[in-house]
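Good morning, and thank you for the time.

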Amino acid sequence: MALVTLEVNGIMHSLNIDPATPLLWVIRDHLGLEGTKFGCGIASCGACTVHIDGAAMRSCVFPVSEAAGKKITTIEGLSSDASHPVQRAWLEIDVAQCGYCQAGQIMSAAALLHQNPSPTDAQIERAMSGNICRCGTYLRIKQAVKTAATIIKE
Amino acid sequence: MLQTIRTSFNRRSFLKSTALAGGGMLIGFHWAAAGIPMSDQAFEVPEEWFKFNGFLKISPTGQITIQSPNPEIGQNVKTSMPMIVADELDADWSKIIVEQAPLNTAIFKRQLAGGSQSIRQGWQSLRMAGASAREMLKSATAQLWNVPIHELSTKEGHVLHIPSGKSIGYGEIASKAAVLPIPAEVTLKSEKDFHIIGTSRQNVDGISIVTGKPLFGIDYKKEGMRMAMIVHPPAFGLKLKSADLTQAKKMPGIVDAFTFKTYNEGIAKSAFDNTSFNELIAIVGKTTWEVMQGKKAVQAEWKPMPEYVEKRALFDRTIDVIIPSGLESTASHLQKMDEAAKTAFKVVRKDGDPETAFGQATHVLERTYEAPFLPHNTLEPMNFFADVTETHATLVGPIQTPEIMEKSVSERLGIPVENIDIQMTRMGGGFGRRLYGHFLVEAAVISQMVKAPVKLLYTREDDMTSGIYRPAYRVTYRAAFDADKKLTAFHVRAGGVPESPLSANRFPAGAIDNYLAEEWSVPSNISVGAWRAPRSNFIAGAEQSFLDEVAEYMNQDPIAFRLTLLEKAQASPVGKDNDYDPVRYAGVLKLVQEKANWSPTNQNSGRGVAAYFCHNSYVAQVVDVEMNDDTPIVKKVTAAVDCGIVINQTAAVNMTEGGIVDGIGHALYGNLTFADGVPEHSNFNTYRLTRHREAPKEIEVYFVENGIAPTGLGEPPLPPVIGALANALYKATGKRFYKQPFLGKA
């Protein structure tokens with residue numbers, strides 16, 4: 001066990017915890033932020049995507065000890081009222097079916113648009129291919145990323 | 001034509017109205033209760049139909065709350081079904097709040113959400129509820145204003161009296177309406193007057209989804225809750241010999257570890273109790289990560305499971321199913337399927353004289369198609385919360401069969417059904433997997449043993465390797481032709497491990513004079529179940545690929561060829577019990593032909609077509625592919641869908657797009673093979689699910705507008721697209737694709 005201090009969505013947390021614990025389970029079990037989802041546990045589906053210092057990362061394989069001192073943003077930190085441009089775009093395009101993967105999709109999309117405000121179709125596909133949507137909403141996701149890019153520019 | 005329906009049967013009402021304590025009205029109804037014919041013919045009405053599982057509440061402020069009992073697995077019922085109520089009610093959609101029905105099984109008897117049937121069954125009853133409330137609001141207004149009811153109309157949450165120009169909000173009159181008797185019969189709106197049905201309404205849970213609210217079973221928690229995981233046998237055909245849990249119990253955060261049996265030996269299980277592994281090892285601890293680590297410290301030995309007899313409770317009887325022993329492999333399955341297809345088939349349907357027709361044929365086309373086992377891979381793994389005390393059990397999580405599982409839990413725990421409360425959460429995908437609730441019983445047993453609330457969670461590896469798969473299938477088609485290349489007979493022989501995919505009364509049955517359908521099966525100890533569009537998910541693609549080859553041999557355009565057969569099925573159907581409507585079938589083909597600009601003479605190089613009927617709906621698709629070296633790129637899919645009246649346009653398009661992406665993805669990549677009883681994939685690093693860059697670049701969806709009562713849409717768009725894809729790949733590559741996955745290893 002080790003004392004780890006984390007900044008999640010702008011709030012500091014101190015935890016006495018096994019330093020190998022993946023960030024996902026710290027966020028879900030210890031901090032009670034359950035928007036970040038468990039899908040595979042091996043960084044292969046993207047359901048657990050969060051931002052670590054602004055970059056999209058798979059929290060299910062990211063040891064909490066390495067997250068110390070970094071700025072972590074989860075879906076709850078994007079906005080709680082769906083006002084973030086990517087969230088707004090997701091609603092406008094009515095992307096979700098079951099909705100389980102969408103927090104991870106939104107986090108990947110937000111990180112992409114932060115780096116590249118005008119991604120091409122191919123760039124969207126490449127950046128988003130780590131996020132599985134089992135319901136198959138990929139076309140709507142692509143459309144929503146483009147819509148979000150437009151909202152950001154307005 | 002206006003339709004009038006009765007709100008009661010044998011003087012018992014399907015609806016109940018109550019005034020609310022704080023003002024307003026509450027109408028209770030059953031979502032499936034109005035499939036009653038108007039005539040007094042003998043018709044047994046299920047007792048449950050008089051119990052209410054949906055509620056419509058109109059508050060004094062005019063806010064309308066619709067409580068839906070239906071589980072949301074991503075098929076949009078939580079939005080679409082209230083749209084039906086709201087339309088008949090003439091409500092203002094912006095004033096509507098949709099809630100999952102409160103979680104109390106004493107009042108709410110809930111339903112199975114499988115088979116794309118929710119909308120189909122709910123259509124009449126939801127309209128009855130909305131229309132009855134509307135009539136009661138009008139009656140109350142007529143009394144209040146002392147005007148004849150026929151002078152009143154309703155619009156966007158108000159009752160209007162056109163002659164005087166007066167209007168009153170529903171909220172203001174609701175308390176008076178609540179105490180009026182339920183009208184004995186109500187007239188439903190005509191389709192042209194729909195103002196919500198057929199429009200696009202955003203998912204009512206959209207904001208909760210995009211802001212990460214805890215909606216899913218995996219998110220449910222309770223003070224003092226423990227986490228639990230399970231170790232199941234590493235191979236089908238093995239069972240527990242012994243377990244050493246000493247080390248596991250010493251691991252940090254672990255509170256208990258033990259072996260247990262999910263079901264009592266010898267009981268008759270329903271199909272939804274299916275599981276291959278009854279004796280399991282449970283690890284219970286404080287946090288998910290600690291339990292994951294504790295699980296790794298379990299030391300267990302396994303032994304061969306002998307052949308056993310499982311009692312299955314069917315609707316009307318109990319049957320014995322022999323579950324074979326042995327460690328099965330994909331290679332052994334293929335060999336056994338070969339043998340069974342040659343020797344162990346039975347005739348299911350025969351029209352005319354197919355033997356003679358084949359004997360006299362100048363040419364016989366024979367093709368065999370195969371597909372492997374598939375896991376469902378819902379992105380939310382199996383999980384359930386259970387809080388079992390000595391007298392009660394509360395269970396919360398993603399399940400589609402709560403009423404059935406309630407009985408299973410009751411039997412296993414020794415707690416009466418009335419003390420068992422199963423609550424449904426939103427489900428992170430279903431695809432059939434959450435019909436099978438063994439994980440719910442497992443959670444209940446673990447909670448009972450540790451005397452604490454627990455959340456059972458499957459890891460992805462547990463989820464992918466412990467069963468309930470789409471069966472492995474094989475089908476051989478034969479077509480007989482005379483010297484003029486006329487199709488004279490058709491033969492289908494289909495089977496699988498452990499079930500056949502055949503639907504013998506589907507097209508082209510009914511369209512061919514000499515028709516023979518046979519089936520066979522190979523027993524297995526690998527647990528299988530419904531997977532999105534059961535059976536159709538394989539046989540549609542095979543059949544539609546074969547018909548493409550038949551048309552090609554006959555030098556006919558594939559759409560024109562199908563339309564000719566459908567005209568025959570319409571004009572002079574062969575045989576009995578043909579389970580499709582040839583006119584609607586032809587309708588989707590004609591629509592897709594038009595929308596995809598299909599031309600027999602000027603076809604794109606990589607273009608294929610297919611159509612299929614299943615779950616009461618008709619879908620035709622044209623797929624356009626291009627090859628990038630050996631990788632197909634699906635440029636466009638054009639879909640024509642006949643699911644009757646479309647309730648929520650955006651959601652219906654979304655479901656269709658999803659089915660297409662799902663069908664194409666599984667046809668190209670989906671493959672769960674076995675070696676010595678062990679599934680050869682256990683996670684998404686090697687098991688390939690379709691991803692963004694592999695999805696079709698464009699999908700266009702068109703609906704047939706025919707005013708027919710709505711039918712299912714969760715499943716029908718998937719099956720035919722596999723055939724359309726195979727046919728497009730043939731045009732693009734010159735090769736026929738007979739084995740799924742099309743891009744898999746041989």
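Let me begin with chain B, whose secondary structure comes to 16 helices and 35 strands. Please keep in mind throughout that this is a predicted model.

How does the radius of gyration of chain B agree with that of a compact globule? Chain B has 746 residues, for which a compact globule would have a radius near 27 Å, and the value for the chain is 28 Å, so the two agree. The C-alpha trace of chain B spans about 80 × 75 × 50 Å along its principal axes. Of the 746 residues, 56% count as buried. If we take the contacts in chain B between residues at least 6 apart in sequence, 79% of them join residues at least 24 apart.

I turn now to chain A. Its secondary structure comes to seven helices and five strands. Read from the N terminus, the elements run β-β-α-β-β-α-β-α-α-α-α-α. The radius of gyration of chain A is 15 Å, close to the 15 Å given by the globule rule for 154 residues, and chain A is therefore as compact as a globular protein of that length. Its C-alpha trace spans about 45 × 30 × 25 Å along the principal axes. Buried residues account for 61% of the 154 residues in chain A. Among the contacts in chain A between residues at least 6 apart in sequence, 59% join residues at least 24 apart.

Next, a helix pair in chain B. Two packed helices are described by the angle between their axes and the distance between the axes. For helix 12 of chain B, residues 536-553, and helix 16 of chain B, the axes come within 7 Å and cross at roughly 35 degrees. The crossing of helix 12 past helix 16 in chain B is right-handed.

Which residues meet there, in helix 12 and helix 16 of chain B? On the helix 12 side they include Ser536(B), Ala540(B), Gly541(B), Gln544(B) and Asp548(B). On the helix 16 side they include Leu718(B), Pro719(B), Ile722(B), Gly723(B) and Asn727(B). By class, this contact of helix 12 with helix 16 in chain B has seven nonpolar, seven polar and one charged residues.

Finally, the backbone. Most residues other than glycine have a negative phi, and most peptide bonds are trans. Some positions in this model depart from that pattern, and I shall take the peptide bonds before the phi angles.

The bond from Phe507(B) to Pro508(B) is cis, with omega near 5 degrees. Pro508(B) lies in the loop between strand 28 (487-497) and strand 29 (514-521) of chain B. The bond from Gln740(B) to Pro741(B) is also cis, with omega near 0 degrees, and Pro741(B) lies in the segment after helix 16 (718-733) of chain B.

As for phi, Asp94(A) has a positive value, near 55 degrees. Asp94(A) is found in the loop between helix 4 (85-93) and helix 5 (102-115) of chain A. Is Asp94(A) buried or exposed? There are 22 other C-beta atoms within 10 Å, so Asp94(A) is buried.

In chain B, phi of His615(B) is positive as well, near 50 degrees. His615(B) lies in the loop between strand 30 (607-614) and strand 31 (617-628) of chain B. His615(B) counts as buried because it has 22 C-beta neighbours inside 10 Å.

How values were computed
Residues are numbered from 1 along each chain as its sequence is written. Chains are lettered from A and ligands numbered from 1 in the order in which they are written. This is a predicted model: local features need pLDDT of at least 70, side-chain atom pairs count only at pLDDT 80 or more; totals for chains, interfaces and linings use all residues. Helices (H or I, at least four residues) and strands (E, at least two) are DSSP runs, numbered from the N terminus. A residue is buried if 20 or more other C-beta atoms lie within 10 Å of its own, exposed if 12 or fewer, and partly exposed in between; C-beta atoms are placed from the backbone. Axes are lines fitted to C-alpha atoms, for helices over the stretch in contact, and angles run from 0 to 180 degrees between N-to-C directions. A crossing is left-handed if the near helix is turned anticlockwise from the far one by less than a right angle, and right-handed if clockwise. Two residues are in contact if their C-beta atoms, placed from the backbone, lie within 7 Å. Ala, Val, Leu, Ile, Met, Phe, Trp, Tyr, Cys and Pro count as nonpolar, Asp, Glu, Lys and Arg as charged, and the others, Gly among them, as polar. The radius of gyration is taken over C-alpha atoms; the globule rule is 2.2 Å times the number of residues to the power 0.38.
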